[in-house]
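Here are my notes on the model, point by point. Please read them with the coordinates open.

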Amino acid sequence: MLSTEAGRLRPEYTERIGNTMSRKDLQQTIEQEPLRPGLEANLSRIKEIGGGTSDLLINPVRVSGIPCVLLCCEGMLSTATITELVLHPLMKLHLPDATGPRLLEHINDEMLLSVDRPVPLTFGDVFRTINSGFAVLLADGANHALAFGVQGYDKRGIDEPSSEGNVMGAHEGFTEVVRTNMSLIRRRMKSPVLVQQLFVMGEKSRTDLCLCYMSDRVSPRLLEQIRQDLEHMQLETILSSGYVRPFLERRDWRIFHTTGTTERPDVLCSKLLEGRVALLIDGTPFAIFLPKLFVENFQTLDDYTCKPYYAAFVRWIKYLAFFLALLLPGIYTAIALHHPELLNSTLLQLLTEAEANAPFSLMTESIGVLLMYEVIREAGIRLPKAVGGAVSIVAGLIIGDAAVSSGFISTPLLTVTALSVTTGFVIPELSHEITVFRFLFILCGGLWGLFGISLLGMVMLLNLCATEAYGYPITAPLAPFAPRAMRDVLTRIGLRRMQTGNPRRHPTKHAWRLCTVSAGIFSAISHRNSSQYASIPTSFLCNLSKNLLAHLPHKPCGMPPALWRSCMNKIRSGQLFAICFLIRSFSLLCTDIPFSAVQLGGAVLSAALQGLILLPILLTAGIEPSKPASCLFGAFFLLWGGHCFLQLWGVAAGVTFPVHNKLFGALLLTGVCLYGVQLGIHALARSASLLLPLFGVALAVLLLGAWSKAQPENLYAAAGGSLLSAAWKDLCECGWLPGAAYLCRFTPFRPRRAVYGALLAQLGATVLVSLLGIAVLGRVGAQVEFPFFTLGAFSQPFATQRADAIYVVLFTLIGTITIAVQLYLAGACIARLFPKFPYPFYAGGAGTLLVAWGMHSLGLLHSGLFGVWILLLCGILPVGQQLWGQLRKRRMA
């Protein structure tokens, strides 16, 4: 046992803790301790607090016969300014019957010795003003002091920003002095609605911070939340913007920043005009603005000083550069190690000859080359500028040439790495994320091929879509999608059409930049959806129709709080469309039903039947399902999730995904799906909407490759089989219908348009793929296991790279989204049945794995049970629920 002495603190430790606590109490005492009427008492207390510091200058002097002391800090003020504006007028002052308080009152009221004249009342105020470059005057008999702004410390002049170069814009950048930065903003924004509020943070440093915003455009809720976060920041010192940014971002782990930094006053002014909030910090030239959108990483000021077509061209180069910098080494490693069949014979022979003599594996080479580059880059940054550039060039040339000449590194690998690194320079704002995840993509590609790259890409996409800054999704305007905003994202229209001058002339301009929850759900008032706003006051509707921009960011102000809170867990109708379309498309990708005329007719007949089934679903969309109904829905989502899991894994094994351990692969896939479920339905919905363009690209590539290989005579070939049987098989693969029925609860407005639009889009995609499959494959399609991937293998539009990689990646991403949505819906049903259960979504994930194992053991992959269950949940149950409700009303009446 430990002795009693071991549990006690030693005397020296007790003394240290006591000193620490006394110093902390001393700091608070100094801040709150008021000045005393006696000059000697104040002077002795100031000397005691200062501790004999050498830069505190104490100048005793008599002003109009009153003993006074002029305090200042050496090197912090201008000698010429204090002599001309303060010392000379004070020495000439003769006040009859002067006393200390009367003298200070006369100087403050009758004499304008400086423009900035704070009145220190405590010793903390005295030291803060002295250390800020003020001269402080104490008079005998007065319990307050006077401070004169005579700052004259050395500072860096206004120079061109070092991190944000431009060609046509201004060449002025922020400096380390906060008041100089405030003047740079005021020079460009002379409007009285520009508010700049100074305050002090940091217990020891007492750093000046300035909050900037446009009072007529900023959201009051956003401003209040930022102020609360700043008040909760308990830092002893603030030396750079990196000290403050973590307190303005969410505590959850997010890959990308939700706050931005800039050195340019013109860029910051443009952010303020859009309703953002900026924060200037004394001692750093980098200003913080928030919230920040992801698309802004690809926008520069030069985009608005050149022709629109050139700006659009440059932006697409940046988009391409981002994906090359992030994915190129990983995709090269994955294809060379696990998918060499995706390369043509010439390119495959070149890579084989280059890698034949390399002593290390391709993944080891890639990681080693990138690590060496990072070492050289860091050395170039940390060394003096006169040496750093030369060291980087010499080290890169010597090491690279020697490594290739000696055979340690292959030439193709070095070329790919250099191209990836060079393209990363185009987007400097994302350099940190690209650097880290480039290594992770190499690891995933080297271990699990394109399957691993797809899973890691899905994790990044889900994390990006779940990232919000004070309620504003950083994926806007892509998700939530805003068509008008594409004019400044996918392209760049002329400034005449943008009309950034007066938002009242174009009320929807810039509304996408702050896409709030209310902005994503409540569209502009029109005759088509005016009935949905019956519970909103008429005055709010009138104001919203007059100036939509002024009300979209103000979520709780113009909208009733109860209605606003009820919409926080909702998704947009476009996102519902994306989820339904992708879930159905996943079944199309991994179906084993051969392409034929009967299959095509069955799909059309099944679509008509689905349209009828959707009617009772949409009629009861606003009704909360009962607990027995939730139990049935939850069981179906578990079964369908297990079915999709088996489909994904079966196709993965069929197209040779390099995950040999099935249990590990299943756990890996389940972990990614559970991560998406944990982020919420908003992340899944936004990710689904962002995957729609990739599906469109895949269909375009498929059509481009199949067009030249199609044989029209195959369309007229006779095909056997029953049309009703084909329609029933297609209906059994429509597990999206119960999901749509349950997801309509999360979509308050226009779910009918979203669901029927998804149905028509699915029918169009099915008809297109089926016609291409029949025309290209012919009778061969009846003999293959996975018709879609066989069609993709036969339809290759490129000579140097097969297009199968697109379909493999697309299939993995859509499959992950599909399974994650099923897990989320199953977890929602479990939470509905058992409200106190703490882990409903993890239970849904475990249940899906067990269901998949059981279905695989029993051979129920293609069971007609799904069709019966779909008819029960989507047809019989809603009608029965409605009839039972009407019957209860009649009985009660």
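1. In what order do the four strands of the open sheet run, and is the pairing parallel or antiparallel? The order is 1-2-3-4, and the pairing is antiparallel. Strand 1 (56-63) and strand 4 (146-149) stand at the edges. Each has a single partner strand, so one side of each lacks a neighbour in the sheet. From one strand to the next, the twist averages 25 degrees. Keep in mind that this is a predicted model.

2. Strand 2 (residues 66-73) pairs with strand 3 (residues 134-139) over four bridges, in the antiparallel sense.

3. What lies across strand 1, strand 2 and strand 3? Helix 2 (residues 39-50) does. Helix 2 runs at about 20 degrees to strand 2.

4. Now turn to strand 9 (residues 287-290). Which of its residues point one way, and which the other? Ala287 and Phe289 point one way, while Ile288 and Leu290 point the other way. In a regular strand, side chains alternate between the two faces of the sheet. All four residues named here are buried. For burial the cut-off is under 20% relative accessible area.

5. Strand 9 has pairings to check. Strand 7 (residues 260-262) pairs with strand 9 in the antiparallel sense, over three bridges. Here Thr262 stands opposite Ala287. Strand 8 (residues 277-281) is also joined to strand 9 by three bridges, and these two run antiparallel. In that pair, Ala278 stands opposite Phe289.

6. How many residues lie between strand 8 and strand 9 in their hairpin? There are five. Look at Gly283 in the turn: its phi is positive, at about 105 degrees.

7. Last, the surface. A nonpolar patch there is formed by Met372, Val375, Ile393, Val394, Leu397, Ile398 and Ile399. Together they have about 660 Å² of accessible area. Helix 11 (362-382) and helix 12 (385-406) each supply at least two of the patch residues. Helix 12 gives the most, with five.

8. Ile399 is found in helix 12. Is Ile399 partly exposed or buried? Its relative accessibility is 38%, so Ile399 counts as partly exposed. The partly exposed class sits between the cut-offs for buried, under 20%, and exposed, over 50%.

Key. Residues numbered from 1 in each chain as written. Predicted model: local features only at pLDDT ≥ 70, side-chain atom pairs only at ≥ 80, totals over all residues. Heavy atoms only, no water. Patch = residues over 30% accessible without salt bridge, like charges linked within 9 Å, V, L, I, M, F, W, Y side chains within 5 Å. Areas by Shrake-Rupley, 256 points an atom, 1.4 Å probe, with all protein chains shown as cover. Salt bridge = Lys/Arg side-chain N within 4 Å of Asp/Glu carboxyl O. Buried < 20%, exposed > 50% of the residue type's maximum accessible area, 1.4 Å probe, protein only. Pairing = 2+ DSSP bridges. Axes fitted to C-alpha atoms, helices over the stretch in contact; angles between N-to-C directions. Contact = heavy atoms within 4.5 Å.
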